[in-house]
Amino acid sequence: MRYNESGSIVKRLNEDPCFHGIIVQMPLDSETPIDAHLITDAVSPEKDVDGLNTVNEGRVATGDMSGFLPCTPNGCMELIKRTGTPIAGSYAVVIGRSKIVGTPMSELLKWADATVTVAHSKTKNLNLLIKKADILVVAVGRPEMVRGAWIKPGAVVIDCGINSIPDPTKKSGQRLVGDVKYEEALPVASHVTPVPGGVGPMTVAMLMQNTVQSAQRVARRLIEMEFRWCLKPLPLKLTEPVPSDIEIARAQEPKDVSVLAQEIGLIPSEVSLYGTKKAKVSLKVLERLQYEDDAKYVVVAG
């Protein structure tokens, strides 16, 4: 599949109100290289249930949790909370700085009032750093790199790694392990996630949670639209003598069309923006409103 094909599919799903969530399965399988970031950014932020669109990433980075949170880091946060360990005031070490796990994980911990250090391949004396961590999240992609002797007694250890290593006792000749030496960490840490069966199922659960939230937001918006429009008229500058209608119109700064669309109850997938002053309204809005007795579709042309 080429970029144009995948981009057009994402655009169609963005515009279809029947779909509430879109995820981009990576790595992308393509005949020609595709910048995955372009595809994830093509997904509407309102349907980005993976939390990988730049808009949702930016929200997390600034402490705004109103968008969709990235699934794996959010799942890790839920696991940490369920241990009963207070996050606020704890010292947390995140090993790995990937866009999908490490970076957003450190942001979520930071905004939960932990003191956070991000370590990576260039970090020196990593074992000494890990030894201080009350909360340790590992997402580096190196099998069983973190040893039990490195871990602070009583620490919470979240292992996001998933790696295949040779194992002649298995039918496949391989077995899955994390980035932490599980057998060594188990007697030292207060809690440690296994691989497989730890972070993976939580990632799926958070994806389902985001999808349900997306559907609920659309439902709430539709319910609100049944009762009222939220039009906010622009202020007029009154003059004497009263000018003509065309003069009044030309003197007024138009409202941002995306704001107007929201005020009259259009959902984002029904509007294609062309800058801030023009937009096309999808005819699918007629299907959504077909059972409304007082629904009208107004075309304004100039």
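Tutor: Asn 125 lies in the loop between β2 (115-119) and α6 (126-130), where helices (H or I, at least four residues) and strands (E, at least two) are DSSP runs numbered from the N terminus. This is a predicted model, in which local features need pLDDT of at least 70 and side-chain atom pairs count only at pLDDT 80 or more, while totals for chains, interfaces and linings use all residues. Residues are numbered from 1 along each chain as its sequence is written, and side-chain values use heavy atoms, with hydrogens and water left out.

Student: Why is Asn 125 called exposed?

Tutor: Buried means under 20% relative accessible area, exposed means over 50%, and partly exposed lies in between (1.4 Å probe, protein chains only). Asn 125 has a relative accessibility of 54%, and therefore it counts as exposed.

Student: What makes the phi of Asn 125 worth a remark?

Tutor: Most residues other than glycine have a negative phi. Asn 125 is not a glycine, and yet its phi is positive, at about 50 degrees. Glu 144 has a positive phi of about 50 degrees as well, although it is not a glycine either.

Student: Where is Glu 144, and why is it called buried?

Tutor: Glu 144 sits in the loop between β3 and β4. Its relative accessible area is 16%, so Glu 144 is buried. Counting a contact as heavy atoms within 4.5 Å, and leaving out residues up to four places away in sequence, Glu 144 touches several residues, among them Ile 165, Arg 175 and Val 177.

Student: Which peptide bond at Pro 196 is cis, and where does Pro 196 lie?

Tutor: The bond joining Val 195 and Pro 196 is cis, with an omega of about -5 degrees, and Pro 196 lies in the loop between β7 (191-192) and α8. A cis peptide bond also runs from Glu 240 to Pro 241, with omega near -5 degrees, and Pro 241 is found in the loop between α8 and α9 (245-251).
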